[in-house]
Amino acid sequence: MILPLLTALSGRSHPRSAGEFGARLVGAAGLIYDAYAHLDLAASVDANIATVSQGLLFRVEAILASVAALLVLISRRRSVLVLVALVAASALGAVLLYRYLDVGSLGPLPNMYEPVWYPEKAYSALAEGGALLAVGYLLFSRYQKR
């Protein structure tokens with residue numbers, strides 16, 4: 001059911017292998033969870049404001065992750081996969097940075113230091129890491145064969 005949908009959306013042939021198909025699904029699932037978690041948490045962090053609120057940043061991340069999830073499903077272009085990897089890496093990097101370091105406010109960004117792991121945050125980090133690994137697999141396995 002999903003394979004014909006991917007083919008119709010991309011206008012291209014079926015994924016070249018089961019590994020590619022699985023990596024695309026894992027990447028999209030990780031990014032979708034990332035989007036869900038950020039949207040779910042956005043209202044609870046709206047009060048953390050410098051020039052920009054943390055809630056706004058979470059909503060922007062949710063939009064970027066949603067678009068990236070769609071792109072990983074429908075595009076085989078290397079440049080698109082690099083952008084998707086950057087979305088996943090930036091989300092994972094931010095959660096790890098603000099979990100372990102109190103960097104304070106950075107320019108217009110609020111201080112988002114939060115030195116605890118709670119389930120939604122931990123699952124989001126795992127989903128972002130999984131998405132990054134899956135997209136990395138797509139990037140490197142595809143071009144190693146050529």
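**Entry 1. Ground rules**

I call a residue buried when its relative accessible area is under 20%, exposed when over 50%, and partly exposed in between. By that cut-off R76 is buried, because its relative accessible area is 8%. I keep in mind that this is a predicted model.

**Entry 2. Overall layout**

I looked up the secondary structure. The protein chain has five helices and zero strands. I read the order from the N terminus as α-α-α-α-α. I then checked burial across the chain. Of the 146 residues in the protein chain, 38% are buried.

I searched the whole structure for salt bridges and got four. I started with E20.

Which side chain does R24 meet in a salt bridge? R24 pairs with E20, at 3.0 Å from N to O. The two residues sit four apart in helix α2, so about one helical turn separates them. I noted the general rule here: an α-helix has 3.6 residues a turn, so residues three or four places apart point the same way. Both R24 and E20 are buried.

E20 has a second salt bridge, to R76, at 3.1 Å from N to O. This pair ties distant parts of the chain together. E20 belongs to helix α2, while R76 lies in the loop between α3 and α4, 56 residues apart. I looked up burial for E20 and found a relative accessible area of 9%. For R76 I have 8%, as in my first entry. Both values fall under the 20% cut-off, so both residues count as buried.

I wrote the three down as one group: E20, R24 and R76 are linked in a network of salt bridges.

I moved on to E114. Its side chain meets that of K121 in a salt bridge, 3.5 Å from N to O. Is K121 buried or exposed? K121 is buried, with a relative accessible area of 7%. E114 is at 29% relative accessibility, so I log E114 as partly exposed.

R99 is in helix α4. R99 is buried, because its relative accessible area is 17%.

**Entry 3. Helix α3**

I took helix α3 next, residues 54-74. It has 21 residues. From the first C-alpha to the last it reaches 30 Å, close to the 30 Å expected at 1.5 Å a residue.

Which residues of α3 are buried? I listed Q54, G55, F58, E61, A62, A65, A68, A69 and V72. Looking down the axis of α3, I see these buried residues within an arc of 140°, so they line one face of the helix.

**Entry 4. Aromatic pairs in the structure**

I counted aromatic pairs and found two. One of them is Y33 with Y36. For Y33 and Y36 I have 5.7 Å centre to centre and 50° between the planes, which is tilted.

Both tyrosines are in helix α2, residues 18-42. They are three residues apart, so about one helical turn separates them. Y33 is partly exposed at 24% relative accessibility. Y36 is partly exposed too, at 46%.

**Entry 5. H38**

I stayed in helix α2 for H38. Is H38 buried or exposed? H38 is buried, with a relative accessible area of 12%. I then looked up its distance to L56. The C-alpha atoms of H38 and L56 are 9.9 Å apart, and the two residues are 18 apart along the chain.

**Entry 6. Nonpolar surface patch**

Last, I looked for nonpolar side chains on the surface. L96, Y100, L101, V103, L106 and W117 form a nonpolar patch there. Together they have about 520 Å² of accessible area.

I checked one member, L96, in detail. L96 lies in helix α4, residues 78-100. Its relative accessibility is 35%, so L96 counts as partly exposed.

Note on methods: Residues are numbered from 1 along each chain as its sequence is written. This is a predicted model: local features need pLDDT of at least 70, side-chain atom pairs count only at pLDDT 80 or more; totals for chains, interfaces and linings use all residues. Side-chain values use heavy atoms; hydrogens and water are left out. The expected span of a helix is 1.5 Å times one less than its number of residues. Buried means under 20% relative accessible area, exposed over 50%, partly exposed in between (1.4 Å probe, protein chains only). The arc is that of the directions from the helix axis to the C-beta atoms. Patches are made of residues with over 30% relative accessible area and no salt bridge: like charges are joined within 9 Å, nonpolar side chains (Val, Leu, Ile, Met, Phe, Trp, Tyr) within 5 Å. Accessible areas come from the Shrake-Rupley method with a 1.4 Å probe; for residues, only the protein chains shown count as cover. Rings of Phe, Tyr and Trp (its six-membered ring) pair if their centres lie within 6.5 Å; planes under 30 degrees apart count as stacked, over 60 as edge-to-face and the rest as tilted.
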